[in-house]
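Please read them with the coordinates open.

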Amino acid sequence: MTGYADILAAAAATGRRLTRDELLARRQLGEQAADAGYGLRALVGAHLAAARLHWPLTRATDSADSVLAALEQSVDAFAEGYERAQRLAVRQEVAARREFIDDLLYGRGELGRLAERAERFGLRLSYEHAVAVAEGPVPYDEGDAVPRSVEQALVSRFGDRSILLTTKAGRLVCIAAGDEADVLAFFAKQAYAATDGGRIGIGRPQPGLGGVVQSYDEALNVLDLAARLDLDGPVLRAADLLVYPVLTRDRQAMTELVVNTLGPLEAARGGAQPLIETLSVYFDAGCVAAEAARRLSLSVRALTYRLARIHKLTGADPADPVHRYTLQTAVIGARLLGWPTRAF
């Protein structure tokens, strides 16, 4: 309130407005008040109370108008400085949060310092954490309506539990304690609705800083697998799909299996792709010919002909249990590796 009473007295006596230096001083005081943590509502009230206390003892209308004009200028300049300081603080907070999230998800930075920063955002890295990632038809930024609506739903349901919701590379990311499976399940439900049927991948709970990185990578890998294999279901969990990382761990071995098992299909009319698709649908249908034919919009006879053609070209019979396992594994490998569209 420094100098405020003098400004009012001068306005009453001379009818003048605030000088440029006085306006600058009010703005600076507003910035200082914001930095000190005072509420704007209380500060405006203090200005009004001071105006009442120091109101000039005169009944002149011109004097009253001058004082009210000075009051308006003072409060406006003060509020401008206050809001400017708040906007700067918000930008700094957003930048610090984004830097922390990048360091957390990529495992960068000194562990002790990162753990301290994590507690500021409600996470204790000594515990297990799991990460869920949701992607929709369009990329999202942190301030968009979709992330805000999901965050509001989480806060309304779970309050101040250790939950961090953010965006990364256009996807929604939710980090929760490893024993809070209901949080990630609820996030998946809300994200699915908010993104109009998006897909959600959930990593396994993992301990420590490296656990957050690992769970995040698992969630991303699940989404990548879902896109490559056209997996059904909006919510996919890494714990349910562990066989696929095993299959792709030795890329050279998988490549050899695909080429040696399915390579002969390239000699077929139309190439290998239609026959690989036939095998994929046949296996997804539980090796029931009638159901596979329905999904492919073929007659059972046409499907049977395709299976016989596959048997003749590859020497592997889809109806034989041993051959079936080899063929199915090779088909999965082909879809994961993008073959035959992508040459080895």
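Is Ser297 buried or exposed?

1. Ser297 is exposed, at a relative accessible area of 67% (exposed means over 50% relative accessible area, buried under 20%, and partly exposed in between, with a 1.4 Å probe and protein chains only). Ser297 sits in the loop between α12 (289-296) and α13; helices are DSSP runs of H or I with at least four residues, strands are runs of E with at least two, and both are numbered from the N terminus. Although Ser297 is not a glycine, its phi is positive, about 60 degrees.

2. On the basis of the note: this is a predicted model, in which local features need pLDDT of at least 70 and side-chain atom pairs count only at pLDDT 80 or more, while totals for chains, interfaces and linings use all residues. Residues are numbered from 1 along each chain as its sequence is written, and side-chain values use heavy atoms, with hydrogens and water left out.

3. Ala169 also deserves a look. Its phi is near 55 degrees, a positive value in a residue other than glycine. Ala169 belongs to the loop between β2 (163-168) and β3 (171-177), and is exposed with a relative accessible area of 69%.

4. Asp320 lies in the loop between α13 (300-314) and α14 (321-337). With 27% relative accessibility, Asp320 counts as partly exposed. Its side chain reaches the backbone nitrogen of Val322 at 3.0 Å and the backbone nitrogen of His323 at 3.1 Å. A polar contact is a pair of N or O atoms within 3.5 Å; within protein, one must be able to donate a hydrogen and the other to accept it, and residues adjacent in sequence count only if both atoms are side-chain atoms.

5. The peptide bond from Trp339 to Pro340 is cis, with omega near 10 degrees. Pro340 is in the segment after α14.

6. Helix α3 (residues 40-53) has 14 residues and should span 20 Å at 1.5 Å a residue; its end C-alpha atoms are 20 Å apart, which agrees. The expected span is 1.5 Å times one less than the number of residues.

7. Which residues of α3 are buried? They are Leu43, His47, Ala50 and Ala51. These residues cover an arc of only 100 degrees around the axis, which puts them on the same side of α3; the arc is that of the directions from the helix axis to the C-beta atoms. An α-helix has 3.6 residues a turn, so residues three or four places apart point the same way. On the other side of α3, Arg41, Ala42, Arg52 and Leu53 are exposed.
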